[in-house]
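Student: I have just opened this structure. Could we go through some of its parts together?

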Amino acid sequence: MGEAIAEGIQQLHRHHHQENPEARKKISLGLVRIANITPLIAVAKLLLQTSPSADTTVHYCIYHSRFPLIVRSETEGILDTVLNRKEQRDIWQAPVIHNALKSTDTTNHIFVVLASPVAEVGRDHDYDWALAEPSSMRSIVQLAGRVLRHRDMSPQASNILLLDKNYRGMTCRRPAFCQPGFEHKDRPLQACSLSNNLLPEQYRVIDSRPCLVPRTLSLPAQNLADMEHQEISLTFDDPEKPNSPHALQWLKPHATLTGELQQRSPFRHSLKEEDYFLQLEEDDEEFTIMKWHETGEAKECNEIECTPLELKSGNKIWGYVNYKDAMKHRAQQEDSEMETLSRIYGVFSLPQDERAGRRWYYTPELGFHKPVAD
C-alpha cells in the first residue's frame, strides 16, 4: 500500500505540477486520503523512510484529529492559507512554500497532505491532485470536490488515483468497505477490490450521480454504489416496526426536542475516550503529558511514550507547528501563563480499547498513534 502511494505521488506530480520559470522550480500540492489514523501513521512512516526520485523533495503534512488542539488549529490555519488557490500567484508568495523552496536546490517540490477523512468535509481547500484509499462512493465524491476546487482548469491526465483495495481489504478483513463506509457484515459485497465493485463509468469521471440516482438494475452485492443505496434505504425502513432503525422519526415534529433518537440510533459506536493535555510552564524545555481523572484531578501519566521522527534524505515536514512555539505565541497574545493555557489549548482525547492495550505513542509531527498491529 505504501509503495503504491509513493509511486502514485510521483506520477501525479509529473502530470499536474506548476512551474516558476524565474526560480526554475516545479511544485504540486496533493492530498493522500487514508480512511483510519492507525494505518495513516504506518503509511506516513514508510513514506518518510522512502527516498524520492532524483532532483525531488517531498514535503509531508500529517493531518488528522489526534493532535493537541492548538497544533491541529495551527496546521489548519496554514492549510487554509496555502490551499486558497483563487489567485494563482498566491501559491508562490505563501511563506511556507517560499521558505521550503529556498531550503533546497532540488527542482521538484511535492507538497503532500497525508490526511484522514477530516480533509474531505468542511475544508475549502484546492489541491492539484489526490490519491485515495477507498471507503465509499460518497467519500470518493467528497474527495473529488477538493481537487481544482477554486480553479477552472481541464487536466490533460487523470488527477485522482484510487487504490484498488483499502487497508481492510488488503489484510483480508471483511466487510472491507466499512468503518468508515456502508458495507454491513450481514449484506457484504462479493469482492473487496474497487475494480470489481464499480463500473468504469462510475469512477472515470467522478461526480455525484452514482450517489443520487439509483441504477435501474441494482446489484448491491456486486456494486459499491448500489450497496450504499440499499443500506440507506434500509436505514429509512418502516419506523413502525419495533426493531427497525429510527431515521424516519427525525422527520416528525418535535422529534429533536429530546435525546431519545440519539440513544436509539447513535451516529457511531465509539470507544470510551479519556482526556489529556500537554502541560507546559514558562521555563520548561519539554512538556509533561497529564491525564484528567474522574475526580477532576490531573496527574502525570505514563501511558504515552514519546518517539522521535525518522526522516530519509529528500523528505521534509511542512504544515507542522511546534507545540511550545505555538503556546508561547498564544500566551503573548492573551497575556496569560502557559501553565494555565496548557489546560485549554494543549488538550486531546484518545480512545481506550482494553482489547488492544492502553499503550500510545506520540511523535509530535505525526500525532498520537498506536502501532498498526494493534
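This is a predicted model: local features need pLDDT of at least 70, side-chain atom pairs count only at pLDDT 80 or more; totals for chains, interfaces and linings use all residues.

Student: Is strand 2 mostly covered or mostly uncovered?

Tutor: Strand 2, residues 25-33, is mostly covered, as eight of its nine residues are buried. Buried means under 20% relative accessible area, with a 1.4 Å probe and protein chains only. Strands here are DSSP runs of E with at least two residues, and helices are runs of H or I with at least four, numbered from the N terminus.

Student: How many bridges join strand 2 to strand 4?

Tutor: Eight bridges join them, and strand 2 and strand 4 (residues 108-115) run parallel. Two strands count as paired if DSSP finds at least two bridges between them. Val32 stands opposite Leu114 in strand 4.

Student: And in which sense does strand 2 pair with strand 5?

Tutor: Strand 2 and strand 5 (residues 129-132) pair in the parallel sense, over four bridges. There, Arg33 stands opposite Ala132.

Student: What do strand 1 and strand 2 form?

Tutor: They form a hairpin with four residues between them, and Arg24 in the turn has a positive phi of about 55 degrees. Strand 1 (residues 18-20) runs antiparallel to strand 2, joined by three bridges. Gln18 stands opposite Ile27.

Student: Changing topic, what is the order of the open sheet of three strands?

Tutor: The order is 10-13-14, with mixed pairing. Strand 10 (304-306) and strand 14 (367-369) stand at the edges with a single partner strand each, so one side of each has no neighbour in the sheet. The twist averages 25 degrees from one strand to the next.

Student: How does strand 13 pair with strand 14?

Tutor: Strand 13 (residues 360-363) pairs with strand 14 in the antiparallel sense over three bridges. Tyr362 has Phe368 in strand 14 as its bridge partner.

Student: One last item: where does Asn223 lie?

Tutor: Asn223 lies in the loop between helix 9 (209-212) and helix 10 (224-235). Asn223 is buried, with a relative accessible area of 3%.

Student: Which residues is Asn223 in contact with?

Tutor: Leaving aside neighbours within four places in sequence, Asn223 is in contact with Leu189, Asn197, Leu198, Leu199, Gln202 and Arg215. Contact means heavy atoms within 4.5 Å.

Methods. Residues are numbered from 1 along each chain as its sequence is written. Side-chain values use heavy atoms; hydrogens and water are left out. Axes are lines fitted to C-alpha atoms, for helices over the stretch in contact, and angles run from 0 to 180 degrees between N-to-C directions. Buried means under 20% relative accessible area, exposed over 50%, partly exposed in between (1.4 Å probe, protein chains only).
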